[in-house]
Amino acid sequence: MSKIVGKVREEARRLFLTGEMTTNAEIAARVGVKRHTVGVWRKEEDWDGLLLKIDRRAAEMFVEKIATDRVTLNVRHFRYWELVLAKLAEDLKGKKVLDARELERVSTILERAQKGQRLAKGMSVNGETEETIRAQAMAEIRRLIDSFIESVKENVADEETRDRIRRAIREALPGEEDGGAGDGGDEVTH
């Protein structure tokens, strides 16, 4: 008898975890048990927690696949540009003199190859790294916050309210402490 109950329980769990059915009543009707029984199983085995773990793992695997695909594409892209440059170098070795048009053509090819290689390495077209771009974005965010704090300072008369606004803004920033960089926030309370 327990083998049958075990199989029914497994089927109920499968129905829930695959998303085929989501409510205890639906699952109970399908497997032929009471809704309360499905509820007990669901609680005992923490089906909701299992489902979250499954969803989280699926999302992690999706992100890993995207990252792997991106790296593979970037490697292929970089190798493609290496081949273009190798072919160009090979063609140039055989020539003694280049006229202005040929030099212009070579220059264009080199420029495109360099841009392509920068992109393949995760750099911007003009050579900035992702880290540099993020730092610039954070600096711009800080400038905006400083402007907002100045506006609060000028337009909110109550010192306690200004201080609460300043603290809330500083706490909302990732990696910022109350007395963070460019601590113009203290000026707001004075």
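Predicted model: local features only at pLDDT ≥ 70, side-chain atom pairs only at ≥ 80, totals over all residues.

## Where H4 meets H5

From H4 come Asn74, His77, Phe78, Trp81, Glu82, Val84, Leu85, Leu88 and Leu92, and they meet Val106, Ile109, Leu110, Arg112, Ala113, Gly116, Gln117, Leu119 and Ala120 of H5. Sorted by class, this contact holds 12 nonpolar, four polar and two charged residues.

How do the two helices lie relative to each other? The axes of H4 (residues 47-93) and H5 (residues 100-120) come within 8 Å and cross at roughly 160°. An angle over 145 degrees counts as roughly antiparallel, so that is how H4 and H5 run. Their crossing is left-handed.

## A closer look at tryptophan 81

Tryptophan 81 is part of H4. Is this residue buried or exposed? Its relative accessible area is 15%, and because anything under 20% counts as buried, tryptophan 81 is buried.

Beyond its neighbours within four places in sequence, tryptophan 81 is in contact with Arg112, Ala113, Gly116 and Gln117. Lysine 115 sits 34 residues away from tryptophan 81 along the chain, yet their C-alpha atoms are separated by 9.4 Å.

## Where H1 meets H2

Now for another pair. The axes of H1 (residues 2-17) and H2 (residues 24-31) come within 10 Å and cross at roughly 140°, so these helices are oblique to each other. The crossing of H1 and H2 is right-handed.

Val8, Glu11, Ala12, Leu15 and Phe16 in H1 meet Ile27, Arg30 and Val31 in H2. By class, that makes six nonpolar, no polar and two charged residues.

How values were computed:
Residues numbered from 1 in each chain as written. Heavy atoms only, no water. Helix = DSSP H or I, 4+ residues; strand = E, 2+ residues; numbered from the N terminus. Buried < 20%, exposed > 50% of the residue type's maximum accessible area, 1.4 Å probe, protein only. Contact = heavy atoms within 4.5 Å. Axes fitted to C-alpha atoms, helices over the stretch in contact; angles between N-to-C directions. Parallel < 35°, antiparallel > 145°, perpendicular 65-115°, else oblique. Left-handed = near helix turned anticlockwise from the far one by under 90°. Nonpolar A, V, L, I, M, F, W, Y, C, P; charged D, E, K, R; others polar.
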